[in-house]
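Here is a short report that walks through one protein, from its overall layout down to single residues. Have a look at the sequence and the model first, then read on.

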Amino acid sequence: MESKNIDLRLLEERALPAMKSLRNRLKQSVALVILDKATGNGVTVAKEEHTSGVAVRFEVNFQFPAHVAAPTKAILAAMPESETIEIVDRIDFRKFTDNSI
């Protein structure tokens, strides 16, 4: 995973208070996701699960194709267009469901 400029433990440590607050306020599970530019995959860095209602389960270090999840689509949309194009050109747009891109 390309993380030469990111200390993932520090990122998680700094994000955890906000993630817990968000989880408690929304009563929903929360995940911190990064985009691995080298592979074009999203990677779950941290999670805070909520147990009431429908709980989505996340596994830390779980990798998934960027085109199948909202967090990585949002990251790609916020990146400079040239970087986005470079990453998107390497993605294998395999369909996982009828609604996959």
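## The big picture

Before we talk about surface, one term: accessible areas come from the Shrake-Rupley method, which uses a 1.4 Å probe. On that basis, the protein exposes about 6,900 Å², and carbon and sulfur atoms supply 53% of it. Keep in mind that this is a predicted model.

The protein has 101 residues, and 30% of them count as buried. Its C-alpha trace spans about 40 × 35 × 20 Å along the principal axes. You'll find three helices and three strands, and reading along the sequence gives you the pattern α-β-β-β-α-α. Now take the contacts with a separation of 6 or more: 46% of them are between residues 24 or more positions apart.

## A sheet of three strands

The strands come together as an open sheet in the order E1-E2-E3, with antiparallel pairing. E1 and E3 are the edge strands, so called because each pairs on one side only. From one strand to the next, the twist averages 35 degrees. Helix H1 packs on this sheet and touches E1 and E2, while its direction makes about 145 degrees with that of E1.

Let's look at the pairs. E1 and E2 are joined by seven bridges, and Val-30 has Glu-48 in E2 as its bridge partner. These two strands form a hairpin with four residues between them, and Gly-40 in the turn has a positive phi of about 75 degrees. On to the next pair: three bridges join E2 to E3, which covers residues 63-65. Here Gly-42 stands opposite Phe-64 in E3. E2 is also mostly covered, with seven of its eight residues buried.

## What sits inside

Which residues make up the largest nonpolar core? There are eight of them: Ala-15, Met-19, Val-30, Leu-32, Ile-34, Val-43, Val-45 and Ala-46. Helix H1 (8-26), strand E1 (30-36) and strand E2 (41-48) each supply at least two residues of this core. Another core, of six residues, lies apart from it, and includes Ala-66, Met-79, Ile-87 and Ile-91. As a bit of background, nonpolar side chains tend to be buried together in soluble globular proteins.

Leaving out residues up to four places away in sequence, Met-19 touches Val-30, Ala-31, Leu-32, Ala-46, Lys-47 and Glu-48.

Start with Ala-66, which is found in the loop between E3 and helix H2 (70-78). Is Ala-66 buried or exposed? Its relative accessible area is 0%, and buried means under 20%, so Ala-66 is buried. Setting aside residues up to four places away in sequence, Ala-66 touches Leu-35, Gly-40, Asn-41, Gly-42, Thr-72, Lys-73, Leu-76 and Ile-91. Ser-82 is 16 residues from Ala-66 along the chain, and their C-alpha atoms are separated by 16 Å.

Now try Asn-99, in the segment after helix H3 (81-88). Why does Asn-99 count as exposed? Because its relative accessibility is 74%, and exposed means over 50%. The C-alpha atoms of Asn-99 and Ala-77 are separated by 19 Å, and these residues are 22 apart along the chain.

Definitions and conventions: Residues are numbered from 1 along each chain as its sequence is written. This is a predicted model: local features need pLDDT of at least 70, side-chain atom pairs count only at pLDDT 80 or more; totals for chains, interfaces and linings use all residues. Side-chain values use heavy atoms; hydrogens and water are left out. A nonpolar core is a set of buried Ala, Val, Leu, Ile, Met, Phe, Trp, Tyr and Cys residues joined through side-chain atoms within 4.5 Å. Buried means under 20% relative accessible area, exposed over 50%, partly exposed in between (1.4 Å probe, protein chains only). Contact means heavy atoms within 4.5 Å. Axes are lines fitted to C-alpha atoms, for helices over the stretch in contact, and angles run from 0 to 180 degrees between N-to-C directions.
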